Amino acid sequence: MTTRQMLSGLCLMAFSLGASAAGGAHEHGVARLSLVQDNTTVTLGFDSPLDSLVGFEHAPRTEAQKKALTQARVTLEGAVQAVDLPAAAACTRTSVDIELPFGEPGDKHAAHADDHSGHSDAEAEYVFDCAHPAALTQVTVGLFKAFPRLKRLDAEAATAAGQGKVVLRPAQATWLLPAAR
Amino acid sequence: MRLPLWHLTVASIRNRGLATVLTVVAIALSVSLLLGVERLRNDARASFANTLSGTDLIVGARSGAVQLLLYSVFHIGDATHDVSWSRIDALRSHKDVAWLVPLSLGDSHRGFRVVGTTADFFAHVQTGNRQPLRFSAGRAFDGVFDAVVGAEVAASLGYAPGAKIVLSHGAGEFAAAEHGDKPFTVTGVLARTGTPVDRSVLVGLAAIEAIHLDWQGGSRIPGVEIPAQFVGKFDLSPKRVTAALIGLERRSTVFRVQREINTSDGEPLLAILPGVTLDELWRVVGVVERVLLAVSAFVVAVGLAGLVATLVSSLSARRRELAILRALGAGPGDVFVLLMTESVLLAVAGCVLGVACLWALSAGIAPWLMAEHGVQLVPRFVDQSELVWLVGVVAAALLASVIPAWRAYRYSLADGMTVRM
């Protein structure tokens with residue numbers, strides 16, 4: 001069997017893995033993290049099923065569920081708790097955008113629940129301005145601590161050093177970016 | 001009086017020449033296998049990672065991400081579907097897209113893949129660490145029947161600018177599928193890159209259309225023959241391509257554009273980040289790699305077991321020798337150290353021979369690997385990670401040799417000079 005045939009065989013095995021990259025597959029306990037670095041601008045995106053964050057995907061019915069939703073928003077807004085960039089990169093947060101379904105009345109991002117599938121997703125986007133982007137070697141991800149229901153993060157990065165993907169788990173929550181590997 | 005132990009070690013190894021040599025060879029082979037697997041793994045990864053740089057997205061028909069990467073960049077496997085030119089054209093004028101290089105695969109030339117593309121290929125495709133493609137001779141294709149060949153194609157088939165070549169339909173197994181009526185002229189030869197580009201024949205998209213004018217469904221239409229000089233009268237604008245490489249204006253839009261393409265309506269398309277998909281591939285291949293590594297680690301264990309077996313079986317023949325050593329004043333500890341030194345010396349000799357073996361082997365197969373599989377095996381004696389493995393092998397040998405050393409120690413305490421053999 002030549003290397004070529006072996007690789008073609010392996011590529012068949014990889015179908016299941018590749019499928020998730022194609023679009024927003026909704027899988028409870030699994031979320032996506034993305035990082036793009038363009039000069040000094042670093043954009044971090046987080047995209048998760050709502051269930052992984054608060055444990056339900058319907059409009060909050062009880063006080064506890066309303067509180068969980070508010071708590072999730074507060075946690076996501078505190079970027080340092082969610083994603084921590086190395087101090088050497090000297091990053092300052094320039095904007096944060098949290099999109100949670102079932103927000104308070106009047107919330108401009110409120111309507112994000114997908115009624116057809118019965119699923120809803122939460123999204124967060126953090127934009128940083130980093131004085132020393134070359135020092136951006138890793139991201140310490142605090143999302144597992146904040147959201148215990150989260151079991152896996154597919155983390156994809158595109159930086160000046162290249163592109164890469166790693167799978168993060170609660171026991172292994174340090175994301176090494178392409179430059180550091 | 002202290003005995004010169006190392007002298008005794010050398011003498012006693014020499015005394016059992018053949019068995020010792022065979023043991024060392026077994027260890028050497030197992031060490032070359034272990035390091036070879038590790039080296040091939042690292043070098044293959046480096047070669048794959050160096051194949052494409054500066055490309056933000058690859059777009060093809062919606063299938064598997066890894067499959068798209070393998071057929072578009074590495075020329076492994078085939079596309080299940082292609083993409084209509086109108087979609088590619090629309091993507092080219094997308095506001096975030098800086099450049100787009102279409103790829104049309106499916107023909108070959110004497111075993112080398114033919115890639116239909118545009119002259120942008122030479123301007124935008126980069127390998128290694130942002131290294132642009134360079135011409136070692138000639139220039140890019142211009143006319144319909146012009147072709148640019150990669151360094152490996154030129155070297156193995158002896159092509160230089162001006163050479164006439166004939167392309168074949170498909171993988172080129174059947175002579176009947178040759179586009180013999182429309183020969184191409186080589187206009188340029190690319191400098192060696194160590195990537196699949198070296199094994200490619202590059203032609204314009206119009207050329208791909210032209211050679212298939214009188215073809216339908218993979219074979220020549222009977223009775224229809226359009227001579228090369230008349231193809232200009234036909235519409236040679238591309239209808240379908242296999243995939244496209246895309247560079248973006250700003251990297252920050254890469255995930256947004258990817259999502260836009262992947263969720264677009266109409267003809268289903270798939271956009272991938274090549275580096276991300278390569279990591280997905282390595283995650284799958286990683287399982288196989290670990291199995292290979294485990295197997296070669298076991299082979300090393302077998303080699304070391306052979307070493308222990310040789311030493312243990314030699315012990316009963318050496319009981320008198322050990323007793324004499326004791327009588328001459330060697331302590332039981334000295335006998336223990338003697339045996340340990342012997343086996344570690346053999347293990348180190350095995351490692352050294354193994355590394356030499358691997359060096360010779362990799363120097364021997366490197367050109368073939370490069371030509372056949374595009375994997376650049378860097379010839380070297382040992383690097384840091386391999387040194388760790390070697391230290392591990394010697395440490396394991398040290399641990400394993402405690403068995404014969406301990407037995408010798410026991411014998412030397414219990415046996416007298418009157419031992420019966």
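Student: Which residues of the largest nonpolar core touch the most other members?

Tutor: A nonpolar core is a set of buried Ala, Val, Leu, Ile, Met, Phe, Trp, Tyr and Cys residues joined through C-beta atoms within 7 Å, where buried means that 20 or more other C-beta atoms, placed from the backbone, lie within 10 Å of the residue's own. In soluble globular proteins, nonpolar side chains tend to be buried together. Here the largest core has 117 residues, and Val59(B), Leu69(B), Ala147(B), Ala244(B) and Ile272(B) touch the most other members. Helix H3 (residues 65–73) of chain B gives this core its largest share, 7 residues. This is a predicted model, in which local features need pLDDT of at least 70 and side-chain atom pairs count only at pLDDT 80 or more, while totals for chains, interfaces and linings use all residues. Residues are numbered from 1 along each chain as its sequence is written, and chains are lettered from A and ligands numbered from 1 in the order in which they are written.

Student: Which residues does Ala244(B) touch?

Tutor: Contact requires C-beta atoms, placed from the backbone, within 7 Å. Leaving aside residues up to four places away in sequence, Ala244(B) touches Val59(B), Ile88(B), Leu91(B), Leu100(B), Val101(B), Pro102(B) and Leu103(B). Another core, of 31 residues, lies apart from the largest one and has Val335(B), Ala347(B), Leu390(B) and Ala397(B) among its members.

Student: How many of the residues of chain B count as buried?

Tutor: By that cut-off, 41% of the 421 residues of chain B count as buried. The C-alpha trace of chain B spans about 105 × 45 × 35 Å along its principal axes.

Definitions and conventions. A residue is buried if 20 or more other C-beta atoms lie within 10 Å of its own, exposed if 12 or fewer, and partly exposed in between; C-beta atoms are placed from the backbone. Helices (H or I, at least four residues) and strands (E, at least two) are DSSP runs, numbered from the N terminus. Two residues are in contact if their C-beta atoms, placed from the backbone, lie within 7 Å.
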